[in-house]
Amino acid sequence: MKQFLLIVLSFFCLHVSATDDPKMLIRELNKKFRAVQDYTARVRMEFDIPGVKMNTMNGKVFFKRPDRFRIRTKGIFFLPKQNPMQNMSSMLLDTNSYTSIISGYEVVNNKRCAIVNIIPLTSSNELILGKFWIDVKDPKVYKTQITTRNNGTIDTESFYSTNSSVNLPDKVVIMIETKKIRMSKMMSADIGRKSQDKAKLDEVETGTITLSFSGYKINTRFPDSELERNED
Amino acid sequence: MREFIAILQNELIKTIRRPRSFIGFIVIAFICLMLQGAFYQDGKEIMSAVTGQFDNLFNIQGNILNGNLICFIVLQTLIVQMPLLVAFVTGDLISGETASGSIRFLLTTPAGRTKVLIAKWLSGLMYTLLLLLLLGIFALFVSRAIFGVGDLMALNSEGLTIIRADDINWRWGLAFLIAFLSLSVVASLGTMLSCIMDNSITPIVTVMATIIIFTIIGMFDMKTFDVIKPFLFTTHMISWRSLFEDPVPVKSIIISCSILLLHIVSFLGVAIYYFKRKDITT
């Protein structure tokens, strides 16, 4: 009986240490990132940015490791400067540039996720703190919170289905805290309309950009020119 | 009817041939080309003043500085100037002839005074239409040829609205139609004052002063002015801008157009009333 309890206890300890080790989680995650050299996919973009009215757009996304990301579409659209689809893999792959700790656990989309904090080792790094909610059973990033020196904090939430084995989400919701865009009457030549309440303009609101991906084509080795070319 | 057409033809030729009419065409072409040149040279810097406030958060992808945006900016810039050019020609349609004495000869034709006045008013509207067509060619088509076609980033005091390039041509068409309606109000006001006053300068200056004062009132956010604003035709003259909102406020555009039409009918009515009873002594 004692032997049995010892075996059970040691097994339990081993399991706990695996889910408690951020490096192990990141290593598992990086294996999936390394499996994807490039991908293309169709993307549908929905925008809800304070002070900006913009219709939903469709386009095509191109990605090449380590961090070459391009959405090709006709027309104007906004993307956050800290785009997690572009730089999340490169951020995590460079394991010598940061230290990682688990600051807690949280259930996200019915998955028990470890909150892995990434702290850069050099003070000159653009990244101040990266928080990644990683599924402890099948390592995938479900949520991120990236705080950078110049671009503030950006939150994302990812949803997976068909390409979850290679860590490619079907939907990414990017949340950015921003003040409402202000345009002076003189600049907009919008005479006859009342200017906006200044107090309201100073309120910080959350803007969201939702990227829905479909039709992933992985490791097709498309030429670099696809990343440069404009949509006709 | 034949008499009326003959007078109208005559008035059109007179209006177009006057040197001051050409000033309008030259000014429009000059302003458009000047702005296009400035945007071609420094456009990115100018646009960074607009996009600067979200530069640290977002990358704006796509061609912002395109022909549609230049046309939008040119049209906004000409809010004040275009009515002045129209007033310059329509403000002395009657008073100019009264001052020179040629009105007596004009009224010896078998057509009645109302027909003569309407022919003059229509020739003023035709001139306005020509000005707008020229503006359309320079501001929209030349800008598109230089800067290309693309989504319009329409600026208003509430922020930005991105209008997709494939959803914009009908908006431009209606915007120019509303602009024509707006300028027709100015042409009608000019014609009315031209009937009331006997020298050619006073009606022109009065129309210009009215537009400048009304525009200034519209620019200030003051409670006193807020009461007056809905009654000023200049407030409704810029309703073309509403076509570049999403969703388009159809009701407010219809109300504004109705108010503009009401102004045209009123000004023309007063003009006919005065002109029919006018004592021609020169």
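A crossing of two helices is left-handed if the near helix is turned anticlockwise from the far one by less than a right angle, and right-handed if clockwise. Keep that handy for two stops on this tour of a predicted model, where local features need pLDDT of at least 70, side-chain atom pairs count only at pLDDT 80 or more, and totals for chains, interfaces and linings use all residues. Residues are numbered from 1 along each chain as its sequence is written, while chains are lettered from A and ligands numbered from 1 in the order in which they are written.

**Stop one: chain B, residues 19-51 and 113-147.** Select these two ranges and you have helices H2(B) and H6(B); helices are DSSP runs of H or I with at least four residues, strands are E runs of at least two, and both are numbered from the N terminus. Their axes are 10 Å apart and the packing angle is about 20° (axes are lines fitted to C-alpha atoms, for helices over the stretch in contact, and angles run from 0 to 180 degrees between N-to-C directions). H2(B) and H6(B) are therefore roughly parallel, a label for angles under 35 degrees; over 145 is roughly antiparallel, 65 to 115 roughly perpendicular and the rest oblique. The crossing is right-handed. For the contacts (C-beta atoms, placed from the backbone, within 7 Å), show residues including Phe25(B), Ile28(B) and Tyr40(B) from H2(B), and Leu131(B), Phe138(B) and Ile146(B] from H6(B).

**Stop two: chain A, residues 57-64 and 68-72.** Switch to chain A, which has 6 helices and 12 strands. Strands S3(A) and S4(A) run antiparallel, joined by 5 bridges (strands pair if DSSP finds at least two bridges between them). Click Val61(A): its bridge partner in S4(A) is Ile71(A).

**Stop three: chain A, residues 84-93.** This is H3(A), with buried residues Pro84(A), Met85(A), Met88(A), Ser89(A), Met91(A) and Leu92(A). Buried takes 20 or more other C-beta atoms within 10 Å of a residue's own, exposed 12 or fewer, and partly exposed is in between, with C-beta atoms placed from the backbone. Look down the axis of H3(A): the buried residues fall within an arc of 160°, so they line one face of the helix (the arc is taken from the directions from the helix axis to the C-beta atoms).

Ile26(A), Leu29(A), Asn30(A) and Phe33(A) in H2(A) meet Ser89(A), Leu92(A) and Leu93(A) in H3(A).

Conventions:
Two residues are in contact if their C-beta atoms, placed from the backbone, lie within 7 Å.
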